[in-house]
Amino acid sequence: MRHPRPAPNRTPLPPRTLVSRLAAGLVFSAVAVVGAAAQVPTPASVLGFRPGTEQRLADWTELTGYYEALARASDRVAVDTLGQTTDGRPFVMLTVTSPANHARLDQLREIQMRLADPRRIGGEAELARLLDEGRTVVLITHGIHATEVGSSQSAANLLYRLASSDDEKVREILDNVVLLDIPSLNPDGLQWVVDWYEEWVGTEYEAAPLPWLYHRYVGHDNNRDWYAFTQAETRLTIEKAHNAWHPQIVHDIHQMGGGGARIFFPPYTEPWDPNIDPGLTSAVSQLGSYMAAELTAQGKPGVVVQAIYDAYTPARAYQHYHAGARILSETASADLATSVEVDPADIGGGREYDAGARSWNYPWPWEGGRWGLPDIVEYQEAGAMALLTNAARNRRYWLENFHAIGTRAVEVAEGTPEAWLIPPDEDNPGGVAYALRILAMGDVEVHRAEAPFTADGERFEAGTWVVPMRQPYASFAQTLLERQVYPDLREYPGGPPKRPYDVTAHTLPLLLDIDAVPVFEPLGVALSERIDAPDFDFRLPPGLRGDGAPRVGIYKGWREPMEAGWTRWVFDEHGLAYDTIHDATIRAGNLNERFDVILLQDQSPAAIVEGFSEGVLPDEYTGGIGEDGQRALRDFVRNGGRLVAIEEATELAVDLFDLGVDNAVDRLPPQDFYIPGSLLSLELEDDPFAQGLEPEVASWFWRSSRAFDVTDPTVRVLARFADQPLMSGWVLGPEHVAGKPAIVEARVGQGSVTLFGFQPNYRGQSMATWPILFRALVGSPERVFQ
């Protein structure tokens, strides 16, 4: 059985490597004098091929070796190891600018910090000086989704060009821009994908999908972690790039499906989060349009703008709440590093454009043909160079707009609270700590009231947490603390909904089950100094620790869903002991000898039972639990085991045990019922299961969630959606879930089956419903309170 290979045994990069031309002690014998283009090593001279070559991929060990060589050879480049990835690899960032700017890098960062916070600027004269002396700071990030292989490869070509070229355009960029480049936001996944591809290239499995998540815990959702900051790579990027520099522009390079446009740039589609400053909306739109025009002028067809992607959720756009323009680019994919032939007849459709027809936002349709890694890398490098050119030539605009956004932020607008207050919560200290961690790590100023006080007629105790809203990043606090009211957008009047690109709710007080109170009058109380971000304060319930704790297993097949990875993360953070159960283990049976409870996260019955089909992957990765595994699960429950199934996996449990439970919202047309990721009110029944739990909390409802219809009187209803279910986000047809069962339990033989219709662990954030999931694992409330 093949698994991702461990981190290479190599000396990590030093904390900072910047070697000047005169001081360099080079290890490359072919390099006698450094600084000119001929002495800067090309990627091919170190890697053995040019990144972007058909069927060739450089892995993380090779790429970091090249970046180290680049920094030794060029006085335009510095490389930093920001920390370690989840699996212990070096997480690096390169700083690229002119030698003159490198010599005063600390001064440039101080200028940036002052422009970011206008309260620190002494007057117009100082502002004029800062605008004259400052540089546009650009952060480019690559490869967060490891199977989108082009971005991490194109980084090496882009960085070589900037390190070596004496082209006038490059010189202009170096003089006017400080580039921070993170060549991979997911080095672990990059290494695994390259290892996998190299193992099977040239075989029938050359384009086979990776049979495990390409991040240890979260897979594709690593790009949904930009306000919760749960993963190591997210935290390093936020703390040591975003917050350390507050870039005016962030370019996030991605890939998308291969059947339509060749590359996307902003403007984004509606809606934009209303908390985002209008200066950013305009800045993003002009820059994205400039990039599109540049590539079109270079003769590159297939460029689309204002399509597919919106700008609503902070989960993908931290910088939009920190005065930075997020420029997402999405380039059409191939089969990893293997080219594909796209039949012109297969091109068409799309969100907010038609890939088969010319339109204002898609003026030069791509007509099909061969497409591969060389094309992907070429388009991505061209896009990055266009962005950097705009940043250099419009340096003054970017600095002035950046300062103007900060100036508006420190002035409370009409209808905006003067402050948000978070009372201490002795019953839920972990939820409060989670919220404070997010806010403080997000560079929001949080204080503690040093005495009791009254605000808006309400009394608050000393120790209340205070988030003043006259501060640069107030919009980040506002969007996370308020309830979302997502607009009702339709394809046409009375028609199906316009689907958001991601979700429609992110209200921390509901997710974390804490109070947050907006107040609109100035506070008359002394405040502490600004707090640092606290650590997580996760506490395992008594029934899940100690010798009497149940033996927990999480199903982990070769098609593991991200929700299962997030569940492993939550369990690990709590110190909850569990085993992952693979298909062969389930098929072997006798599960009661090893487990008391088995958890099936959100996954279709076909994915669990059948797995990958024969021929899609090598034999050792195909198949699922099969008939033997289904029989083993039946025996496990009837012999006293507990099966907990979530969302789509409930269908398998219902079929296995012939339960009288149906999906109440199945087959409803989207114009009648649609919940794309919202928070619904959940009410627990008066049942022993609910002993010690909050009677009403917010629950996460999205793509595969459901309410139940129960026809078997022996099935217990443990919780229902409220009669007025919507708490935050967007719901079409709330009557279809109102009052319906959301959690049910059935006794089967000596064991039990518990079904969750909603997601109790949404991306590691829905702390409000973790206690319910933990209770389901424990099974008996007596075990919790004994």
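## The hairpin of E29 and E30

In this predicted model, strands E29 and E30 form a hairpin with two residues between them. Gly-749, which lies in the turn, has a positive phi of about 60°. E29 covers residues 741-748 and pairs with E30 in the antiparallel sense over six bridges.

Strands of a sheet pair through backbone hydrogen bonds, either parallel or antiparallel.

## The nine-stranded sheet

E29 and E30 belong to an open sheet of nine strands with mixed pairing, in the order E21-E20-E22-E23-E30-E29-E28-E25-E26. Strand E21 (578-581) and strand E26 (696-701) stand at the edges; each has a single partner strand, so one side of each is left without a neighbour in the sheet. On average, neighbouring strands of this sheet are turned by 25° against each other, direction ignored.

E29 is also joined to strand E28 (residues 716-728) by four bridges, and these two strands run antiparallel. Helix H21 (residues 770-778) lies across several strands, namely E22 (597-600), E23, E25 (678-684), E26, E29 and E30. H21 runs at about 150° to E23.

Strand E4 (residues 136-142) has seven of its seven residues buried, so E4 is largely enclosed by the rest of the structure. Thr-136, Val-138, Ile-140 and His-142 point one way from the strand, and Val-137, Leu-139 and Thr-141 point the other way; all are buried.

E4 runs parallel to strand E5 (residues 177-182), to which six bridges join it. Within this pairing, Val-137 has Val-178 of E5 as its bridge partner. E4 also runs parallel to strand E6 (residues 249-256), with five bridges between them. There, the bridge partner of His-142 is Ile-253.

## Helix packing

Two packed helices are described by the angle between their axes and the distance between the axes. For helix H10 (residues 278-297) and helix H12 (residues 395-409), the axes come within 10 Å and cross at roughly 155°. An angle over 145 degrees counts as roughly antiparallel, which means that H10 is roughly antiparallel to H12. H10 contributes Gly-279, Leu-280, Ala-283, Gln-286 and Leu-287 to the contact, and H12 contributes Tyr-397, Trp-398, Asn-401, Ile-405 and Arg-408. By class, the contact has six nonpolar, three polar and one charged residues.

Helix H4 (residues 105-116) and helix H9 (residues 232-245) pack at an angle of about 70°, with their axes 8 Å apart. H4 is therefore roughly perpendicular to H9. The contact involves Leu-105, Leu-108, Arg-109, Gln-112 and Met-113 of H4, together with Asn-243, Ala-244 and Trp-245 of H9. These residues divide into five nonpolar, two polar and one charged.

## Aromatic pairs

A search of the whole structure finds 39 aromatic pairs. One of them is formed by Phe-264 and Tyr-268; this pair is tilted, with 6.1 Å centre to centre and 40° between the planes. Phe-264 and Tyr-268 are both buried.

Tyr-397 and Trp-398, which take part in the contact of H10 with H12, form an edge-to-face pair, with 5.1 Å centre to centre and 70° between the planes. Tyr-397 has 30% relative accessibility and therefore counts as partly exposed. Trp-398, at 2% relative accessibility, counts as buried. Elsewhere, ring pairs link Trp-196, Trp-200, Tyr-205, Trp-212, Trp-558 and Tyr-621 into a cluster.

Key. Residues are numbered from 1 along each chain as its sequence is written. This is a predicted model: local features need pLDDT of at least 70, side-chain atom pairs count only at pLDDT 80 or more; totals for chains, interfaces and linings use all residues. Side-chain values use heavy atoms; hydrogens and water are left out. Axes are lines fitted to C-alpha atoms, for helices over the stretch in contact, and angles run from 0 to 180 degrees between N-to-C directions. Angles under 35 degrees count as roughly parallel, over 145 as roughly antiparallel, 65 to 115 as roughly perpendicular and the rest as oblique. Contact means heavy atoms within 4.5 Å. Ala, Val, Leu, Ile, Met, Phe, Trp, Tyr, Cys and Pro count as nonpolar, Asp, Glu, Lys and Arg as charged, and the others, Gly among them, as polar. Two strands pair if DSSP finds at least two bridges between them. Rings of Phe, Tyr and Trp (its six-membered ring) pair if their centres lie within 6.5 Å; planes under 30 degrees apart count as stacked, over 60 as edge-to-face and the rest as tilted. Buried means under 20% relative accessible area, exposed over 50%, partly exposed in between (1.4 Å probe, protein chains only).
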